[in-house]
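This briefing is meant for a first look at the structure shown below. Please keep the sequence and the 3D view at hand while reading the points that follow.

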Amino acid sequence: MTQQSTSLLVGLLAGVSAAFLLVSAGSPSGLSFFLFAAAALPVLIAGLGWSNLASIVAVVCAMAIIALTTTPQAALVSAVTTLAPAAWIAHLSNLARPAEEIGGPEGGVIWYPLSDIFMNIAACVCVGLVAVGLATGYGPEFIGELVDVFVTTIKDSNADYQPSAEGLAEMKQFFLFALPAIQAAMWVLILFAGWYVASAIVRLSGRSKRPKDDIPSQLRVPRLGALALAAGAVMSFSGGGIGLIGWTLVGAFGICFVVAGFAIAHHRTRGKPARGLLLSAAYLATVIFTIPLGFFLFLGLFDTARTLTATNSGPRSRP
């Protein structure tokens with residue numbers, strides 16, 4: 001079987017798997033979130049371990065199955081939020097260039113920086129969520145209906161819960177802007193975790209082109225990410241669609257710097273006797289209080305250096 005035929009077959013299998021996960025996630029169950037989060041894995045594995053052709057076929061195949069089994073709108077939403085970003089991330093991960101082009105040793109290979117892959121994930125999430133928001137008409141009316149359903153559900157289980165009109169209006173205003181930021185942050189984490197797991201699986205299979213990245217020392221957000229975060233913060237003070245886009249940027253790029261802050265903490269505590277205790281305390285405090293997120297955000301903002309992954313040999317496709 002030729003390499004192209006193998007890529008086509010792998011792409012078809014990956015597309016069917018991704019479509020199955022996404023369609024299954026549409027059915028209300030306790031596993032829906034995990035199925036939806038895992039949907040990018042087949043496309044990532046196909047792209048990382050085989051070729052761009054495999055990941056493209058996976059995207060097209062998954063979209064066709066979702067369109068036939070659900071609706072074309074659901075297929076488009078899946079494509080812009082999950083399938084296409086996964087294929088793009090896999091493509092970037094396999095890019096490399098000769099090290100001598102940037103002053104490195106002759107015969108060496110420099111891989112596409114992990115920091116830039118991370119920022120591309122955030123950018124893809126922003127584009128996808130904004131596109132979905134425009135297509136679905138996300139706005140005060142949509143949030144109003146969502147909050148009304150939420151409040152009704154609480155009332156059914158607790159008859160004493162009777163929010164005032166002012167409290168209900170404040171809740172709707174809060175969720176209107178908080179939801180884009182929370183969704184963006186969560187989806188960046190999900191796609192990055194998917195990339196990490198898919199990379200590990202492909203390495204174990206022996207098909208990985210890219211060497212293992214040292215995440216604690218390499219996961220930083222470039223200065224362009226800080227500009228995107230600042231732009232989002234400024235836009236968030238505006239009303240309407242501009243403000244919603246701003247909060248999406250804040251959520252996506254803000255969580256990037258938070259993750260980079262945790263990576264810095266992992267890197268700087270290497271070799272320390274109390275490393276496990278310090279990191280466990282940091283994660284536990286973040287989960288319980290959430291306030292430490294601000295500390296790790298600023299820690300990530302203070303280190304925006306880009307570290308390259310290099311090997312002695314490998315493919316020489318240009319970024």
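Predicted model: local features only at pLDDT ≥ 70, side-chain atom pairs only at ≥ 80, totals over all residues.

In the second largest pocket, helix α8 provides the largest share of the lining, with 8 residues.

- Sorted by class, the lining of the second largest pocket consists of 15 nonpolar and 4 polar residues, with no charged residues.

**The largest pocket**

- About 910 Å³ is the volume of the largest pocket, which has 30 lining residues, and those nearest its centre are Val77, Leu129, Val132, Gly133 and Gln183.
- Two or more residues of this lining come from each of α1, α2, α5, α6 (114-136), α7 (140-157), α8 and α11 (240-268).
- The lining of the largest pocket has no charged residues and divides into 21 nonpolar and 9 polar ones.

**The cavity**

- The structure has 1 cavity of 30 Å³ or more, and the largest cavity holds about 130 Å³ of space.
- Among the 15 residues lining the largest cavity, Trp195, Ser199, Arg203, Arg210 and Asp213 are the closest to its centre.
- Helix α8 (residues 165-205) gives the largest share of this lining, namely 5 residues, and by class the lining of the largest cavity has 6 nonpolar, 4 polar and 5 charged residues.
- Ser199, which belongs to helix α8, counts as buried because its relative accessibility is 10%, where buried means under 20%.
- Between the C-alpha atoms of Ser199 and Pro211 there is a separation of 9.3 Å, although these residues are 12 residues apart along the chain.

**Helices α1 and α4**

- Helix α1 runs over residues 3-25, and its 23 residues reach 33 Å from the first C-alpha to the last, which is close to the 33 Å expected at 1.5 Å a residue.
- The buried residues in α1 are Ser7, Val10, Gly11, Ala14, Gly15, Ala18, Ala19, Leu21, Leu22 and Ala25, and what covers them includes α2 (32-38), α3 (40-49), α4 (52-69) and α5 (72-93).
- Several of these positions, including Ser7, Val10 and Gly11, or Ala14 and Ala18, are buried in α1; as background, an α-helix has 3.6 residues a turn, so residues three or four places apart point the same way.
- Helix α4 has 18 residues and should therefore span 26 Å at 1.5 Å a residue, and this agrees with its end C-alpha atoms, which are 26 Å apart.
- Buried in α4 are Ala54, Ser55, Val57, Ala58, Val59, Cys61, Ala62 and Ile66, and the elements that cover them include α1, α3 and α5.

- Thr82 lies in helix α5 and is buried because its relative accessible area is 0%.
- Leaving aside residues up to four places away in sequence, Thr82 touches Phe36, Ala39, Ala40 and Trp187.
- Leu83 also has its place in helix α5, and a relative accessibility of 0% is why Leu83 counts as buried.
- With residues up to four places away in sequence again not counted, Leu83 touches Ala18, Leu22, Val43, Val59, Ala62, Met63 and Ser78; of these contacts, Ala18 and Leu22 are among the buried residues of α1, while Val59 and Ala62 are among those of α4.

**Annotated regions**

- An unreviewed UniProt entry carries the annotation "transmembrane region" for residues 35-68, 117-138, 174-198, 244-265 and 277-302.
- In the model, residues 244-265 are 100% helix and 0% strand, with end C-alpha atoms 32 Å apart.
- Residues 277-302 are 88% helix and 0% strand, and their end C-alpha atoms are 24 Å apart.

Methods
Residues numbered from 1 in each chain as written. Heavy atoms only, no water. Helix = DSSP H or I, 4+ residues; strand = E, 2+ residues; numbered from the N terminus. Expected span 1.5 Å × (residues − 1). Buried < 20%, exposed > 50% of the residue type's maximum accessible area, 1.4 Å probe, protein only. Contact = heavy atoms within 4.5 Å. UniProt positions renumbered as here; feature names shortened; annotations may be inferred. 1 Å grid on protein atoms, 1.4 Å probe; cavity = no way out; pocket = protein on both sides within 12 Å on 5 of 7 lines; lining within 4 Å. Points joined across faces, edges and corners; volume = space filled by probe spheres on them. Nonpolar A, V, L, I, M, F, W, Y, C, P; charged D, E, K, R; others polar.
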